[in-house]
Amino acid sequence: MTAQSIRDAALFHFARDGYEGASLRAIADEVGIKKPSIYAHFSCKDDLFLHTLDFAFHEVTRHTLEYFRDHADLPLEQRLKGLLIWFEQEYNAHASARLMLRNCFYPPLSLYGEVMDQVYPFIDGMERALTRLLQRAMRNGDIPAIPAEQAAIAFMTFLDGITVEIIYGSSRRYKRRLEAAWPVFWHGIHHLNGEAQSVVPKGDLTT
């Protein structure tokens with residue numbers, strides 16, 4: 001239970017203050033232990049951070065799957081656009097989403113490789129899930145035949161572009177960009193020619 005309590009406290013502090021700003025002493029104080037007691041469960045600050053970030057990615061993945069499960073009866077357009085609306089709400093409501101998103105955009109330089117080892121599988125998993133969703137929609141006749149993987153990558157690129165406003169901008173700016181760009185994206189979904197285009201390497205999506 002102590003390890004979990006440390007991780008939960010670390011989640012709040014890392015999400016609020018970032019890797020550099022978070023204090024192990026403050027985390028220990030919140031749990032009600034001495035700072036050296038952290039080292040009985042985590043070897044160092046890096047170890048605690050990476051364990052906490054891994055937990056955050058799993059939490060966001062779980063919540064995303066729950067979103068699609070709970071909205072399975074909605075038309076495809078409402079589910080996809082609703083995911084973008086929901087994502088802002090998730091960021092504001094949960095430290096796990098804040099920690100995950102901020103480290104997708106600016107991971108600690110000293111842990112860049114380790115963080116990217118968590119970021120890229122998450123993005124790739126989202127792309128695969130969206131590809132399957134689009135393929136089912138095509139089989140059901142909800143959308144025309146399109147290169148589903150290309151459309152999934154385009155959606156993730158759209159998400160990358162507007163979520164910058166969650167971190168650096170405001171809710172108003174986020175919603176403005178979403179409402180302006182969504183009709184263009186959805187129009188494009190219905191006018192892809194069905195021939196696979198050259199696909200950007202997955203590793204380039206967040207660089």
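Student: How many helices and how many strands does the secondary structure of the chain come to?

Tutor: The secondary structure comprises eight helices and zero strands. Helices (H or I, at least four residues) and strands (E, at least two) are DSSP runs, numbered from the N terminus. The model is predicted, so local features need pLDDT of at least 70 and side-chain atom pairs count only at pLDDT 80 or more, whereas totals for chains, interfaces and linings use all residues. Residues are numbered from 1 along each chain as its sequence is written, and side-chain values use heavy atoms, with hydrogens and water left out.

Student: What makes helix α5 largely enclosed by the rest of the structure?

Tutor: Buried means under 20% relative accessible area, exposed over 50%, and partly exposed in between (1.4 Å probe, protein chains only). Eight of the 11 residues of α5, which spans residues 95-105, are buried, and the helix is therefore largely enclosed. Among the buried residues are L99, M100 and L101. The buried residues of α5 pack against α1, α3, α4, α6 and α7.

Student: Why is E88 called buried?

Tutor: E88 has 7% relative accessibility, so it counts as buried. This residue is found in helix α4. Leaving aside residues up to four places away in sequence, E88 touches I166, S171, Y174 and K175, where contact means heavy atoms within 4.5 Å.

Student: What joins the side chains of E88 and S171?

Tutor: They are joined by a polar contact of 2.7 Å. The term denotes a pair of N or O atoms within 3.5 Å; within protein, one must be able to donate a hydrogen and the other to accept it, and residues adjacent in sequence count only if both atoms are side-chain atoms.

Student: Why is the aromatic pair of F155 and W182 called edge-to-face?

Tutor: Rings of Phe, Tyr and Trp (its six-membered ring) pair if their centres lie within 6.5 Å; planes under 30 degrees apart count as stacked, over 60 as edge-to-face and the rest as tilted. The count comes to 14 aromatic pairs. F155 and W182 form a pair at 6.4 Å centre to centre with 85° between the planes, and this pair is edge-to-face. F155 lies in helix α7 and W182 in helix α8, so the pair ties together parts that are 27 residues apart in sequence. At 2% relative accessibility, F155 counts as buried; W182, at 2%, also counts as buried.

Student: Where does the charged end of K45 sit?

Tutor: The charged end of K45 sits over the ring of Y19, 4.8 Å from its centre. The rule requires NZ of Lys or CZ of Arg within 6 Å of the ring centre and within 35 degrees of the ring normal. R7 likewise lies over the face of F55, at 3.7 Å from the ring centre.

Student: How many disulfides does a search of the whole structure find?

Tutor: The search finds zero disulfides, a disulfide being a pair of cysteine sulfur atoms within 2.5 Å. C44, at 31% relative accessibility, counts as partly exposed, whereas C104, at 10%, counts as buried.

Student: Over which residues does pLDDT stay under 50?

Tutor: That is the case over residues 194-207. pLDDT is the predictor's confidence in each residue, from 0 to 100. Where pLDDT is low, the predicted coordinates should not be read in detail. The chain averages a pLDDT of 90, and 92% of the residues score at least 70.
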